[in-house]
2 protein chains.
Amino acid sequence: MTNQSDMTNYLQTFVEGMISSGVEQAVISPGSRSTPLALLLHRQEKIETFIEVDERSAAFFALGLSKASSKPVVLLCTSGTAAANYYPAICEAYASHIPLVILTTDRPHELRQVGAPQAMDQFYLFQNHVKEFIEMAIPEGTKTMLDYAYWQGMRATDTACQVPSGPIHLNFPLREPLLPDLNQSLITEKTTEVLAGKKQLSEEHLIKCVDAWQGRRGVLVIGGSHTPTEAEVFIKLAETLNWPIISDPLANVTACGKESPLIMSYADLFIQEVEMLQQPEVIVRFGMLPISKNTMFWLQSLDERTAIYFVDETGEWQDQLKQAQVAIQVEEQSFAQSIIDKVAIKTLDSWSQQWITWQEITEQQLNELSEMKVLNETSASLLVHKKMAKHGQLFVSNSNAIRFLDRFSTTETNHYQLFGNRGINGIDGIVSTALGMCAINPDRQNVLLIGDLAMYHDMNGLLVAKRYDLPLTIVLLNNNGGGIFSFLSQRQLDETDFEPIFGTPIDIDFSLVAQLYDAKYVKAESLEQLGTLLETTQRQPEFQIIEVVGDRQENVQLYEKVVAGLKEKFGKNK
Amino acid sequence: MTNQSDMTNYLQTFVEGMISSGVEQAVISPGSRSTPLALLLHRQEKIETFIEVDERSAAFFALGLSKASSKPVVLLCTSGTAAANYYPAICEAYASHIPLVILTTDRPHELRQVGAPQAMDQFYLFQNHVKEFIEMAIPEGTKTMLDYAYWQGMRATDTACQVPSGPIHLNFPLREPLLPDLNQSLITEKTTEVLAGKKQLSEEHLIKCVDAWQGRRGVLVIGGSHTPTEAEVFIKLAETLNWPIISDPLANVTACGKESPLIMSYADLFIQEVEMLQQPEVIVRFGMLPISKNTMFWLQSLDERTAIYFVDETGEWQDQLKQAQVAIQVEEQSFAQSIIDKVAIKTLDSWSQQWITWQEITEQQLNELSEMKVLNETSASLLVHKKMAKHGQLFVSNSNAIRFLDRFSTTETNHYQLFGNRGINGIDGIVSTALGMCAINPDRQNVLLIGDLAMYHDMNGLLVAKRYDLPLTIVLLNNNGGGIFSFLSQRQLDETDFEPIFGTPIDIDFSLVAQLYDAKYVKAESLEQLGTLLETTQRQPEFQIIEVVGDRQENVQLYEKVVAGLKEKFGKNK
């Protein structure tokens, strides 16, 4: 049977291995079987621990920590259904390449398949949504097994971090007694340094790209999540080639603070409405498709006269349009920089100028709109974007909030960073992910822009804000239900089907929710008031809910009015 | 591409197949990809539908429906992480043999592995925790494919219901347009009747058991969930053999209303304290081990002089003690009845009398205890048990609440039914499972006995009570944290480790929670008041939270006082 001292050494050594590969934070959900690892993580000075009762929220919180810190984050829970609650966040982490190190604890072999309490099959629990599943050995104190524990902690964490990074699952069978020996001094002080290479193209391949791109009519299309620093490189690439750049909000092109007329922030609004006399000769896509459906339809409409290049760091070749003629598997940022350094010939101004005109006409149309001057979900979302402070962090929820930003926002000079969960686009776990983001830089301005349904889904996540004093400002767009469906084909249904199945009003009084979690609560009554509240968060971050009462029909009408106006302005006949 | 009419026929036919195998209820979580199935289920007159925004709660709600109705229940959600939220309830359903029919909707093949929004690998999503995974064909309207859809709906549902019953997962790839043709008349009116056999022993094997059991010193040990009707058969078996009967609270032996001196309801308290002069000659176990740890330790201490029979309907041989000499794979109730019919010789009264004395002495000790006469978590739990009405339904939560009942409750004449989630014993999803139970018989008295941590974990589940007017009375034992750990080895830790990792106080004001969900709220100040409130629920079921403020230390002290008293009374020297 396991002795207490051996178990302590084995697990302690494992933890040291994880630290050696960069772990600095762990999120623990209480339980009995996980006791020794929980205590060792909690006592470990190099690791900051958070305790969260609800494992679903805990896992999304860890996701947010890792998104904002770009570091691997540990999750720990007990045996049984506890671990199954991690699943939604793990699916998202796998799809959006976030390195979580998931530790589940388990009954030892002799207590499996026998109906022992809180025991279930935890092997491959997360199926194809983790990079690896590892069943750890029962703790032993021999040198061989301590070396194994260290190596596994280090190796598994490193595997999670390697491109494409993603979650990894280690299952620990533990025998009683479950209390480690906390007085024992640490026996290992190993560290192993990891020097990891990155995918680079050969000089020959680089020149091939430059030759194919420079001087041609091209468009840069940037999808997926990028940091503001990466976004600046993309903008520089666009300027070097003199190409318009279309991007996903999470690519941070419009948030990074670098202004350029080539940024087509309104592409979703105008791209289907304008008369395009010439097809582009080249499209260069970085990462996944941007959220804009209109951009996707436009790309889909291009015939073989356009050469499509797909730059994909992960090598996963996730090309929804399946039209790429060249797939480039390379680290994006240094690749973009290499191209910038080699480009000698700019594309003609006439090509970029027409795009700039389209963007300007759209801006003018939006400025003329009286609805943008009063408080509604769209204007509130734009105001959040405008009022972000330098180095602020904004988390934007699915499904409507991010679309408001994508359609209607343009470049601001504030240089903040935008986050979201766009791996699988769930409305689950958003509150916790945003709180994880906030916990990394709590001294900055931290804002979550979210709808009522997503907010409700992860209301439990708010407990961690209360417990750890996380000063997140939640701007709640409350249209009492699932607003996205009013934009989709389901809206054709009559009310007897639509409201109960898609509208799903939840009738929750969010001022009570605020009270429940000791958050400040304000209902915004005007755009001016919302602006003042947001300005205050720049200087004085605090945990609060600012409710904006919305209207699902109004959102659709506003959008349709904009599109109708653009149809008139661009006068395209279809 | 799919045409709307073919898709409608195909899915409609599938739904008819499920109905033919006994589906009467479906729980739907809103989403886009699931639209056609959601609408067809909602429009189907033979199926009652519930809409629940949070898929985790939805799945536990379905679990509760199926537990209380003993019928298969359908779950439907959209693609992506939505389905992953089902996982905890599915694990529990698999472990506790509840037939859920899980329908997930998915992008079609051409939109997989391409980074399409809200798409992820849903194959074998629930790994080893469903009986089967089925990828459905893309909808087609040919006779062959309609026959396939009907057959699969019928067969899959039936598979879920076959012993050992459990969840089953069907994944539907659906193409746009996602709106079915609701005006289309139903094309199939098939029904298929299922005549299912049950496991029965041969006459020879039955006689072998009777010969080995009658006239011997035996003990019946009943674990797992059973209905009150089944429990009555077990009690009759015990009386026929003149054996004491030890049971899990969920076996409903103490709730079924049949009184017998042979029911050892206090076994957990006395079994380790009494001087047992003779080992039993026979132990007959039905199902899993009861929750009582002391009973388990006692069984473990028996040597080979005791013959152990393990009756296991599932054939899964989940024997934690691995000591069974005979495993009997048979339908439990008719087997027990066959034995009753054949037993001719009763066991000596001296054997049963000593057990009856132990039970009586323990009862006397509890009656002497002043703590039982004032309000605390233990006395409140017992009072709930006492105040259950005839045909009432009580759901009891993990981890402490069910232990209070197991240790301290005895037979009442009220004939109610006790439910719980003891497949994997999680504290997740308890509120929703109890609401599912309540939705089956909303006109009866429905009570949930739960601690604050479990209550918090599934607070979201309360929305369905508000939406569907489910009159559940929640008796909330609030000790502000994880009470179970105060009974486990973790309590040896000092406060700096214990409180944050195990105590985990959540400081939630549950009167606000009640307000949030339009529930009545009362804080019980005395046992008398609690009694009156519970009596009212017998006549007037309503959605309410009755809070009992508890104390983690007090619970432990009360238990230790009882054990110390019994040590003195039984005077066993160890």
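This is a predicted model: local features need pLDDT of at least 70, side-chain atom pairs count only at pLDDT 80 or more; totals for chains, interfaces and linings use all residues.
Visitor: What share of residues 12-123 of chain A is helix and what share is strand?

Guide: That span is 42% helix and 18% strand, and its end C-alpha atoms lie 23 Å apart. In an unreviewed UniProt entry, residues 12-123 of chain A carry the feature "domain: Thiamine pyrophosphate enzyme N-terminal TPP-binding".

Visitor: How should I read the interface, and what area do chain B and chain A bury between them?

Guide: The size of an interface is often expressed as the accessible area that is lost when the parts come together. In this model, chain B and chain A bury about 7,000 Å² between them, with 58% of it on carbon and sulfur atoms. On the side of chain B, B:Tyr456, B:Ile501 and B:Leu516 supply 9% of the area buried against chain A, more than any other three residues.

Visitor: How many residues does each chain bring to the contact?

Guide: Chain B gives 83 residues and chain A gives 83 residues.

Visitor: Which charged and polar pairings cross between the chains?

Guide: There are 4 salt bridges between chain B and chain A, and one of them joins B:Asp497 to A:Arg43, whose closest N and O atoms are 2.6 Å apart. Across the same interface, 38 residue pairs are in polar contact, both residues being at pLDDT 80 or more. Among the elements giving two or more residues to the side of chain B that touches chain A are α2 (35-43), α3 (55-69) and α18 (495-503) of chain B. By class, that side of chain B has 41 nonpolar, 25 polar and 17 charged residues.

Technical notes:
Residues are numbered from 1 along each chain as its sequence is written. Chains are lettered from A and ligands numbered from 1 in the order in which they are written. Side-chain values use heavy atoms; hydrogens and water are left out. UniProt positions are given in the numbering used here, feature names are shortened, and annotations may be inferred rather than shown by experiment. Helices (H or I, at least four residues) and strands (E, at least two) are DSSP runs, numbered from the N terminus. Contact means heavy atoms within 4.5 Å. Buried area is the accessible area (1.4 Å probe) that two parts lose on being put together, summed over both. A salt bridge is a side-chain nitrogen of Lys or Arg within 4 Å of a carboxyl oxygen of Asp or Glu. A polar contact is a pair of N or O atoms within 3.5 Å; within protein, one must be able to donate a hydrogen and the other to accept it, and residues adjacent in sequence count only if both atoms are side-chain atoms. Ala, Val, Leu, Ile, Met, Phe, Trp, Tyr, Cys and Pro count as nonpolar, Asp, Glu, Lys and Arg as charged, and the others, Gly among them, as polar.
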